[in-house]
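Please read these notes with the model open beside you. They are brief and meant for a first look.

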Amino acid sequence: MARVKDFIVLCLDVSPSMHDPDNGMPLKTSIKIINQIIQQKMFTESRDEIALILFGTSGTENSLAESEGGYENITVARPMGVCDLDFLHFIHNSIQPGDTPADFVDALVVSMDLINHAVSEAAKVGEKRIYLFTDAGSDFSEDQLDEICGGVKSMDIHLTIVGPTLDDGSSMDTGSLDSPPDDRPGPSRGSDDVRRRKKRTKQQMRSEELMTKIIAIVEGDSFSFSEALKLVSFLHQKEKKQTTRFSGCLEMGTTMKIGCKMFTKVTTERPQTWKKLSAISQASRNPDRMSVTMVRSYHQQDEDETEVESDNVTKGYRYGKSLIPISSADEEAMKLQAEKCLSVLGFTKMDKIKHHHYLGNSILVVVATPGDQCAEEAMSSLIRALHETEMVAIVRYVWRKNGNPKLALLSPCIKKDYECLQLTVLPYMEDIRHFMFSSLDKVDLSQDQQDTVDNLITSMDLMEAYEDEDGNRQEALKPKMLFNPLILRTFQCIQHRALNPGTVLPKLDPLIDKYLRPDEAIVAKCSDEIQRVKDLFPLVKVEQKKAKTTAADVWQTGTDAELDLDADRPAKRARTDEDATDFTMASLSKGTVTEVGTVDPVGDYRTLLGSKVADNYEEASKQLQAIVTKLVKESFGDTYYAKALDCVEVLREEAIKHEEADMFNEFLRQMKEDLIGTRYSAFWDKVVQDNISLITMTECGDSKVTEEESKLFAESQAPATSIVEDKVEDEVDDADDLLAMM
């Protein structure tokens, strides 16, 4: 199937005035612009065809000169074709300044003839463009000007003139040279070039007057050299083909169906994948044949590494410690049988959907089937109803037969020019990560601190952070105006390597580096608030003691520690199991412990305390306290009560050793308050039965609790707990009876 492609002619003036140093040497700037256009087409793998015409050359080489005569000093340097490396090298190395003035109107006619021949042989034609690069310093002829302009319009060719400063009072936006004329205001004055150029000659003023007339007739546009160079400095996005992701019906119930189509609106754009090439071929006489083919083979893990044919290879899934082989037939049978559909499951308020539940890397848009008036009216009604009620639809989405069913939401989107539904995938239970984080309830902020942070956020507000050319405040960092620094950097390196093989890659372009840093204006605006935050929230460096663990520390036993081998040394206290980290072969093979888990919470807790980091006790204790709550509330009956009770005992012991009685006592009080009168009160009874209570002053000097207070704390509300215990036991008995009946 033939692709639609554009046909572009780059018409470059190489006459003497274009390389005049007093004129700013516009030829050099023009070559840079053309070089960027060609490289961007190559980098995005564009199939557009481009030709290069030079006028002002000493020779003449074009079809019109051969067939009709005239059109002298105009050379078709590169015929119409897809951009390649040879074209790029020609632009970079082979364009030489000319010594003869040439008529830009004749060059325009030759460009039109070249496009006319190219499109006559093309299956599908996109846009037709002519870029004319000139400083308007050469003489011209106005013969048949109206016919020429009429030909440009009738052939639907878009003309862009780069160079002259056409003074028509219009201005230029920040679009690209390839943007359609409706996307930008039009010709520009090019004030930057006016300051650098010498005073225009009478010939240039006459030429610019004629060009202004041509631009007005053909509805083209123009840019100054500096403006055009800025526009092509960045890599422009590769054009994406609008591919239908889903075509079917939006179903509501069994009777209502709305014909619809689905397209991708936003998705992650990644740099192109690297191809594997042969470095040996690159150094040979024929470096064009560098592609390689990967051959994969399978071998058994035996001494001979016996090769296994690919037909005898099957997949295996880990089930416990075993690998279960699954044949291709089994794998096919395992797939979920699902019909292609987009079915509404129900509706809910928009604010009920949490932002962190948005899943996937793309946003799809759902529109009514084009040309189906009934579907368009029904879809519009649904979109507006959802918008007015601030609701969203929850749907089941299967993009093709036997595809994986997805849960998604449809949210209304109403713009000036169109309206649609936006589809966002939602997570299943297995997709959600349940992590426990420390609470902020105990954080006590002063009003001054809160106000300072509020002011910092206000000073960094992006809604009016950017000032446009007219002095109006605009929103900054709009996604549609931001380039991906990774793709830009890749483009920079590829274009350098294509033209300079064997040299060192260039440093990061300052424009790309700017994308990776905060905007200077925003930083300057919020600098006072940042300093205020630093003053109110000082950071204190915590000196960590380096833990020194030797082989003797690891393998030494309590008996060895009791041996006094040196009479001059003070006697060492025997290290008990409670004092020392459990250094065993099992613990060494377990790997590094970074947090307290539910499998061996006591062991993990003691390991963290043994690391001897200054703030490890508080963090590790909070983690173990959270584990206790988790074990109690997720226990089936009293299955995990014993493990949770061990954790509480260890917490109490370590609190006494570290003189952190208040921390443990607060935890115990909170736990009692949470458990008494609930279905988990049976666990509190076990705590009381094991004589676990508040740490007293006699046990730890840091405590403020007397023995009498500790005894009363454990004995209070005992009757209430026994009643709840009976209720819990009844619930367990009922569950056992139900299981017996099953």
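Predicted model: local features only at pLDDT ≥ 70, side-chain atom pairs only at ≥ 80, totals over all residues.

1. Next, the barrel. Seven strands close into it, in the order S7-S8-S14-S17-S16-S15-S13. The strand pairing is mixed. From one strand to the next, the twist averages 40°.

2. Look at how S7 meets S13. Strand S7 covers residues 244–252, and strand S13 covers residues 341–349. The two pair in the parallel sense, over two bridges. To find the pairing on screen, pick Glu251, which stands opposite Ser343 in S13.

3. Now turn to Asp221. This residue lies in strand S6, which spans residues 221–223. Is Asp221 buried or exposed? Its relative accessible area is 2%, and the cut-off for buried is under 20%, so Asp221 counts as buried. Which side chain does Asp221 join through a polar contact? The partner is His158, with a contact of 3.4 Å between the two side chains.

4. Leu440 makes a contrasting case. It is found in the loop between strand S17 (419–426) and helix H12 (447–459). Strand S17 is also one of the barrel strands. Leu440 has a relative accessible area of 66%. Exposed means over 50%, so Leu440 qualifies as exposed.

5. Finally, the surface around Leu440.

Terms used. Residues numbered from 1 in each chain as written. Heavy atoms only, no water. Helix = DSSP H or I, 4+ residues; strand = E, 2+ residues; numbered from the N terminus. Buried < 20%, exposed > 50% of the residue type's maximum accessible area, 1.4 Å probe, protein only. Polar contact = N/O pair within 3.5 Å; in protein donor to acceptor, adjacent residues only side chain to side chain. Pairing = 2+ DSSP bridges. Axes fitted to C-alpha atoms, helices over the stretch in contact; angles between N-to-C directions.
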